[in-house]
Amino acid sequence: MKKCQLAAQLYTLRDFIKTPEDIAKTLPKVKAIGYDAVQISGMGPIAEEELVKIADDCGLVICATHEPGKKIFEETGAVIERLNKLNCHCTAYPFPHIMPECKAGVLDFAAKLNEAALKMQAAGIKLCYHNHAIEFERFDGELMLDLIYKNAPALQAEIDTFWIQAGGNDPVEWIKRFPGRQPLLHLKEYGIRKNERKMFAIGDGNLNWQEIIAAGKACDVEYFIVEQDDCNGVDPFEELRRSYDFIAENFFD
């Protein structure tokens, strides 16, 4: 992995990016840890032009965003316009804003994802899908996540390692399914504390990072994105630093 391919998901720092002033203080701290890129999510209101200037001034690439699912479906043009203002060519559908309750519902959901992906593709933007564990529900014997990807061929993948594991599946196997179809990969650690599943800094849990990173590289992942939704009371900047140091020591080319 090249250093420039490692990004921080700003949802990890959502409590520190609520205002333009917060954002202007936080992004330089992310750069100081060592990250060269960020994915925008969980951020308070800020003009795209101002956000781009803050990122440019501290040397951070906005490699991707998460956009609200409803907006992706119903205001695809507005999402494209926002991405263009951010000089960003990749986004992801973050979480089902409507939860299908049967196979027909999943197929309709996939068709809408594909429609939005095709519109974005025509504008030079990749739409990815960010999974959680809920997509491992079976409908007529088939996993929801399988049905989505099979029936939305224009859709790209943004595999989340924690949630694949939480859904009872193997992150490495899922990454290997999408050669050339996953520009983004969420690196999220999975571990156990007091009989409860927890998120940790990368390297502090139980996932096989040697195989995960190797699979991502083999499938031409463009950005490996560190995210930690829950830092268990630890300073999230410190958790991002621990993740960065582990990856830099073990996986940078």
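With which side chain does the side chain of E158 make a polar contact? The partner is the side chain of Q39, at 2.8 Å; a polar contact is a pair of N or O atoms within 3.5 Å, of which, within protein, one must be able to donate a hydrogen and the other to accept it, and residues adjacent in sequence count only if both atoms are side-chain atoms. The model is predicted, with local features requiring pLDDT of at least 70 and side-chain atom pairs pLDDT 80 or more, whereas totals for chains, interfaces and linings use all residues. Residues are numbered from 1 along each chain as its sequence is written, and side-chain values use heavy atoms, without hydrogens and water.

E158 belongs to strand β8 (residues 156–160); strands (E, at least two residues) and helices (H or I, at least four) are DSSP runs numbered from the N terminus. E158 is buried but has no salt bridge, and K188, the nearest side chain of opposite charge, is 8.5 Å away. Buried means under 20% relative accessible area, exposed over 50%, and partly exposed in between (1.4 Å probe, protein chains only). A salt bridge places a side-chain nitrogen of Lys or Arg within 4 Å of a carboxyl oxygen of Asp or Glu.

R181, in the loop between α8 (171–176) and β9 (184–187), is likewise buried without a salt bridge. Its nearest side chain of opposite charge, D146, is 9.0 Å away.

In helix α1, the buried residues are I23, T26, L27, V30 and I33. Seen down the axis of α1, they fall within an arc of 115° (taken from the directions from the helix axis to the C-beta atoms), so they line one face of the helix. The face turned away from that buried side carries the exposed residues E21, K25 and A32.

Notes
Lys, Arg positive; Asp, Glu negative; His and termini not counted.
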